[in-house]
Amino acid sequence: MTTYLVADDPVTLQREHMVAEQIESRGIRNQDLLRAMRAVPRHLFVPMDVRSMAYEDWPIPIGYGATISQPYVVALMTELLAPSKKHRVLEIGTGSGYQAAILGQLAAEVYTVEIVPELARSAAQTLHKLRYTNITVRQGDGYQGWPEQAPFDRIIVTAAPPELPEALLAQLAKGGRLVAPIGSTSIQELIVIEKTAGGAIRRRSEGLVSFVAMKPGGK
Ligand code: SAH
(Lines give C-alpha, C1' and ligand atoms only; values in the text may rest on other atoms or scores of the structure.)
Protein backbone atom coordinates (compact mmCIF):
# COMPACT_ATOMS: atom_id res chain seq x y z
CA MET A 1 0.00 0.00 0.00
CA THR A 2 1.25 3.47 -0.77
CA THR A 3 0.97 6.10 1.91
CA TYR A 4 0.66 9.64 0.65
CA LEU A 5 1.90 12.53 2.68
CA VAL A 6 -0.76 15.14 3.10
CA ALA A 7 0.85 18.53 3.16
CA ASP A 8 -0.65 21.85 2.27
CA ASP A 9 2.62 23.64 1.65
CA PRO A 10 6.08 22.74 0.33
CA VAL A 11 7.95 23.41 3.59
CA THR A 12 5.71 21.04 5.52
CA LEU A 13 6.62 18.40 2.97
CA GLN A 14 10.33 19.27 3.26
CA ARG A 15 10.05 18.86 7.02
CA GLU A 16 8.36 15.48 6.67
CA HIS A 17 11.23 14.38 4.44
CA MET A 18 13.81 15.76 6.88
CA VAL A 19 12.29 13.79 9.76
CA ALA A 20 11.86 10.56 7.80
CA GLU A 21 15.18 10.54 5.96
CA GLN A 22 17.59 12.19 8.39
CA ILE A 23 16.16 11.49 11.82
CA GLU A 24 13.86 8.44 11.99
CA SER A 25 16.11 6.55 9.60
CA ARG A 26 19.07 7.10 11.97
CA GLY A 27 17.22 5.58 14.88
CA ILE A 28 15.52 8.45 16.72
CA ARG A 29 12.26 7.01 18.06
CA ASN A 30 10.93 9.51 20.61
CA GLN A 31 7.49 10.38 19.20
CA ASP A 32 7.14 13.71 21.00
CA LEU A 33 10.52 14.77 19.65
CA LEU A 34 9.66 13.68 16.10
CA ARG A 35 6.40 15.63 16.38
CA ALA A 36 8.31 18.72 17.53
CA MET A 37 10.76 18.41 14.62
CA ARG A 38 7.82 18.17 12.21
CA ALA A 39 6.16 21.20 13.75
CA VAL A 40 8.91 23.81 14.21
CA PRO A 41 9.42 25.87 11.01
CA ARG A 42 13.24 25.56 10.82
CA HIS A 43 13.43 27.77 7.69
CA LEU A 44 12.21 30.76 9.71
CA PHE A 45 15.25 30.46 12.01
CA VAL A 46 17.86 30.90 9.26
CA PRO A 47 18.82 34.04 7.33
CA MET A 48 16.92 34.72 4.08
CA ASP A 49 19.89 33.99 1.80
CA VAL A 50 20.26 30.40 3.09
CA ARG A 51 16.57 29.64 3.63
CA SER A 52 16.39 27.24 0.70
CA MET A 53 18.95 25.01 2.49
CA ALA A 54 17.10 24.98 5.82
CA TYR A 55 15.96 21.34 5.64
CA GLU A 56 19.18 19.85 4.32
CA ASP A 57 21.36 17.39 6.21
CA TRP A 58 24.06 19.75 7.50
CA PRO A 59 24.64 22.75 9.75
CA ILE A 60 24.18 26.23 8.22
CA PRO A 61 26.13 29.41 9.05
CA ILE A 62 23.86 32.09 10.53
CA GLY A 63 26.44 34.89 10.93
CA TYR A 64 28.67 36.03 13.82
CA GLY A 65 30.57 32.74 13.69
CA ALA A 66 27.48 30.77 14.70
CA THR A 67 25.75 27.89 12.93
CA ILE A 68 22.33 26.31 13.29
CA SER A 69 23.10 22.66 14.03
CA GLN A 70 22.38 19.84 11.60
CA PRO A 71 18.79 18.60 12.19
CA TYR A 72 20.00 15.14 13.24
CA VAL A 73 22.37 16.60 15.84
CA VAL A 74 19.51 18.67 17.31
CA ALA A 75 17.40 15.50 17.47
CA LEU A 76 20.17 13.34 18.93
CA MET A 77 21.08 15.82 21.67
CA THR A 78 17.42 16.38 22.50
CA GLU A 79 16.81 12.65 22.73
CA LEU A 80 19.80 12.28 25.07
CA LEU A 81 18.57 15.23 27.13
CA ALA A 82 15.11 13.61 27.49
CA PRO A 83 13.18 16.74 28.47
CA SER A 84 9.65 16.38 29.82
CA LYS A 85 6.71 18.75 30.27
CA LYS A 86 7.64 19.13 33.95
CA HIS A 87 11.20 20.30 33.29
CA ARG A 88 12.92 23.66 33.44
CA VAL A 89 15.67 23.62 30.82
CA LEU A 90 18.76 25.79 30.37
CA GLU A 91 20.38 26.09 26.95
CA ILE A 92 23.80 27.66 26.41
CA GLY A 93 24.30 29.06 22.89
CA THR A 94 20.92 30.27 21.61
CA GLY A 95 22.23 30.95 18.08
CA SER A 96 19.19 30.98 15.80
CA GLY A 97 16.79 29.91 18.57
CA TYR A 98 15.88 26.69 16.72
CA GLN A 99 17.07 24.23 19.38
CA ALA A 100 15.28 26.36 22.00
CA ALA A 101 12.05 26.15 19.97
CA ILE A 102 12.30 22.34 19.84
CA LEU A 103 12.88 22.28 23.61
CA GLY A 104 9.96 24.66 24.12
CA GLN A 105 7.64 22.04 22.63
CA LEU A 106 8.87 19.37 25.04
CA ALA A 107 9.59 21.16 28.35
CA ALA A 108 7.77 23.45 30.76
CA GLU A 109 10.19 26.38 30.59
CA VAL A 110 13.30 27.07 28.52
CA TYR A 111 15.98 29.59 29.49
CA THR A 112 18.60 30.23 26.85
CA VAL A 113 21.81 32.28 26.98
CA GLU A 114 23.64 33.76 23.96
CA ILE A 115 26.84 35.77 24.11
CA VAL A 116 26.45 37.67 20.79
CA PRO A 117 23.96 40.51 21.34
CA GLU A 118 22.73 40.54 17.70
CA LEU A 119 21.98 36.81 17.80
CA ALA A 120 20.27 37.03 21.19
CA ARG A 121 18.09 39.82 19.83
CA SER A 122 17.16 38.14 16.55
CA ALA A 123 16.47 34.76 18.19
CA ALA A 124 14.22 36.45 20.77
CA GLN A 125 12.37 38.21 17.94
CA THR A 126 11.88 35.01 15.94
CA LEU A 127 10.64 33.11 19.00
CA HIS A 128 8.28 35.95 19.90
CA LYS A 129 6.90 36.16 16.36
CA LEU A 130 6.26 32.41 16.34
CA ARG A 131 4.61 32.67 19.80
CA TYR A 132 6.91 30.40 21.76
CA THR A 133 5.86 31.88 25.08
CA ASN A 134 7.71 29.49 27.42
CA ILE A 135 11.20 30.47 26.16
CA THR A 136 13.28 33.29 27.63
CA VAL A 137 16.42 34.52 25.84
CA ARG A 138 19.17 36.41 27.60
CA GLN A 139 22.37 37.94 26.29
CA GLY A 140 25.23 36.88 28.51
CA ASP A 141 28.13 34.57 29.13
CA GLY A 142 27.11 30.93 29.15
CA TYR A 143 30.04 29.97 31.38
CA GLN A 144 28.07 31.62 34.19
CA GLY A 145 24.82 29.77 33.41
CA TRP A 146 21.73 31.57 34.72
CA PRO A 147 22.06 31.55 38.52
CA GLU A 148 18.82 33.48 39.17
CA GLN A 149 16.75 30.73 37.51
CA ALA A 150 18.72 27.72 38.80
CA PRO A 151 18.42 24.85 39.49
CA PHE A 152 17.57 23.30 36.12
CA ASP A 153 16.29 19.77 35.48
CA ARG A 154 18.05 19.73 32.13
CA ILE A 155 21.01 21.67 30.70
CA ILE A 156 22.09 21.55 27.05
CA VAL A 157 25.24 23.22 25.79
CA THR A 158 25.39 23.92 22.04
CA ALA A 159 28.82 25.55 21.79
CA ALA A 160 31.92 23.59 22.81
CA PRO A 161 33.82 24.51 25.98
CA PRO A 162 37.25 22.92 26.53
CA GLU A 163 36.01 21.54 29.83
CA LEU A 164 32.66 21.35 31.53
CA PRO A 165 31.97 24.76 33.16
CA GLU A 166 31.70 24.35 36.95
CA ALA A 167 28.80 26.82 37.22
CA LEU A 168 26.66 24.69 34.92
CA LEU A 169 27.25 21.56 36.96
CA ALA A 170 26.38 23.52 40.11
CA GLN A 171 23.12 24.74 38.51
CA LEU A 172 22.00 21.23 37.56
CA ALA A 173 19.27 19.90 39.87
CA LYS A 174 19.67 16.60 41.69
CA GLY A 175 18.24 13.92 39.42
CA GLY A 176 19.08 16.22 36.50
CA ARG A 177 20.87 15.65 33.22
CA LEU A 178 23.30 17.72 31.15
CA VAL A 179 24.33 17.21 27.52
CA ALA A 180 27.35 19.03 26.08
CA PRO A 181 30.09 18.83 23.44
CA ILE A 182 33.38 19.02 25.34
CA GLY A 183 36.79 19.59 23.79
CA SER A 184 39.25 22.15 22.55
CA THR A 185 39.52 21.08 18.90
CA SER A 186 37.01 21.19 16.04
CA ILE A 187 35.76 17.68 16.91
CA GLN A 188 34.46 17.19 20.44
CA GLU A 189 33.13 14.44 22.64
CA LEU A 190 29.39 14.51 23.20
CA ILE A 191 29.00 13.90 26.90
CA VAL A 192 25.97 13.15 29.04
CA ILE A 193 26.18 13.92 32.74
CA GLU A 194 23.72 12.73 35.31
CA LYS A 195 23.47 14.10 38.83
CA THR A 196 21.92 11.45 41.05
CA ALA A 197 19.32 12.16 43.74
CA GLY A 198 22.20 12.00 46.21
CA GLY A 199 24.24 14.52 44.20
CA ALA A 200 26.81 12.10 42.72
CA ILE A 201 27.98 12.76 39.15
CA ARG A 202 27.93 10.11 36.41
CA ARG A 203 29.53 10.90 33.07
CA ARG A 204 29.40 9.00 29.79
CA SER A 205 30.40 9.67 26.21
CA GLU A 206 27.98 9.40 23.29
CA GLY A 207 30.44 9.78 20.44
CA LEU A 208 31.84 12.69 18.49
CA VAL A 209 30.29 15.94 17.27
CA SER A 210 31.50 19.23 15.85
CA PHE A 211 30.34 22.51 17.37
CA VAL A 212 31.69 26.06 17.27
CA ALA A 213 33.95 26.77 20.24
CA MET A 214 32.38 28.41 23.27
CA LYS A 215 33.82 31.92 23.56
CA PRO A 216 35.58 32.81 26.79
CA GLY A 217 33.31 35.02 28.91
CA GLY A 218 33.75 38.75 28.77
CA LYS A 219 34.92 38.74 25.14
N1 SAH B 1 21.62 26.12 19.46
C2 SAH B 1 21.86 26.98 18.31
C3 SAH B 1 23.18 26.72 17.62
C4 SAH B 1 24.28 27.29 18.40
S5 SAH B 1 25.80 27.70 17.58
C6 SAH B 1 20.73 26.88 17.31
O7 SAH B 1 19.81 26.08 17.50
O8 SAH B 1 20.76 27.64 16.32
C9 SAH B 1 26.67 28.16 19.06
C10 SAH B 1 26.21 29.45 19.67
O11 SAH B 1 26.87 29.61 20.93
C12 SAH B 1 26.57 30.67 18.84
O13 SAH B 1 25.43 31.45 18.62
C14 SAH B 1 27.59 31.40 19.71
O15 SAH B 1 27.55 32.80 19.56
C16 SAH B 1 27.17 30.97 21.11
N17 SAH B 1 28.21 31.11 22.13
C18 SAH B 1 29.55 30.98 21.98
N19 SAH B 1 30.17 31.18 23.15
C20 SAH B 1 29.20 31.44 24.08
C21 SAH B 1 29.22 31.74 25.47
N22 SAH B 1 30.35 31.82 26.17
N23 SAH B 1 28.05 31.95 26.09
C24 SAH B 1 26.87 31.88 25.39
N25 SAH B 1 26.80 31.61 24.08
C26 SAH B 1 27.95 31.39 23.42
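Author: Let's begin with glutamate 24 and arginine 38, which form a salt bridge whose closest N and O atoms are 3.7 Å apart; the term calls for a side-chain nitrogen of Lys or Arg within 4 Å of a carboxyl oxygen of Asp or Glu. The two partners come from distant parts of the chain, 14 residues apart: glutamate 24 is in the loop between H1 and H2, and arginine 38 is in helix H2.

A word on the model: it is predicted, so local features need pLDDT of at least 70 and side-chain atom pairs pLDDT 80 or more, while totals for chains, interfaces and linings use all residues. Residues are numbered from 1 along each chain as its sequence is written, and side-chain values use heavy atoms, with hydrogens and water left out.

How accessible are the two partners? Glutamate 24 has 28% relative accessibility and counts as partly exposed, and arginine 38, at 27%, is also classed as partly exposed. Buried means under 20% relative accessible area, exposed over 50%, and partly exposed in between (1.4 Å probe, protein chains only).

Helix H2 (residues 31-39) packs with helix H1 (residues 10-23) at an angle of about 140°, and their axes are 8 Å apart. That angle makes H1 oblique to H2. Here the axes are lines fitted to C-alpha atoms over the stretch in contact, with angles from 0 to 180 degrees between N-to-C directions; under 35 is roughly parallel, over 145 roughly antiparallel, 65 to 115 roughly perpendicular, and the rest oblique.

The loop between H1 and H2 also holds isoleucine 28. This isoleucine 28 is buried, with a relative accessible area of 1%. Between isoleucine 28 and threonine 78 there are 50 residues in sequence, yet 10 Å in space from C-alpha to C-alpha. Threonine 78 is one of the buried residues of H3, and among the others are Tyr72, Val74, Met77 and Leu81. With 10 of the 11 residues of helix H3 (residues 71-81) buried, that helix is largely enclosed by the rest of the structure. After H3 comes alanine 82, whose phi is positive, near 50°.

Back in H2, there is another charged pair to look at. Arginine 35 and aspartate 32 form a salt bridge, with their closest N and O atoms 2.9 Å apart. These residues sit 3 apart in helix H2, so about one helical turn separates arginine 35 from aspartate 32. Arginine 35 is exposed at 51% relative accessible area, whereas aspartate 32 is partly exposed at 44%.

How many salt bridges does the whole structure hold? The count is 8. One of them joins the side chains of glutamate 148 and arginine 138, at 3.2 Å from N to O. Glutamate 148 belongs to the loop between S5 and S6 and arginine 138 to strand S5, so this pair ties together parts 10 residues apart in sequence. Glutamate 148 is exposed, with a relative accessible area of 57%, while arginine 138 is partly exposed at 28%. Elsewhere, Arg177, Glu194, Arg204 and Glu206 are linked in a network of salt bridges.

Aspartate 141 lies in the loop between strand S5 (135-139) and strand S6 (152-157). What does the side chain of aspartate 141 reach? The backbone nitrogen of tyrosine 143, at 3.0 Å.

Glutamate 114, in strand S4 (residues 109-114), is worth a look too. Glutamate 114 is likewise buried and has no salt bridge, with lysine 215 as the nearest side chain of opposite charge at 5.7 Å. Its side chain reaches the backbone nitrogen of threonine 94 at 3.3 Å. Such a polar contact is a pair of N or O atoms within 3.5 Å; within protein, one must be able to donate a hydrogen and the other to accept it, and residues adjacent in sequence count only if both atoms are side-chain atoms.

Conventions:
Helices (H or I, at least four residues) and strands (E, at least two) are DSSP runs, numbered from the N terminus. Lys and Arg count as positive and Asp and Glu as negative; His and the chain ends are not counted.
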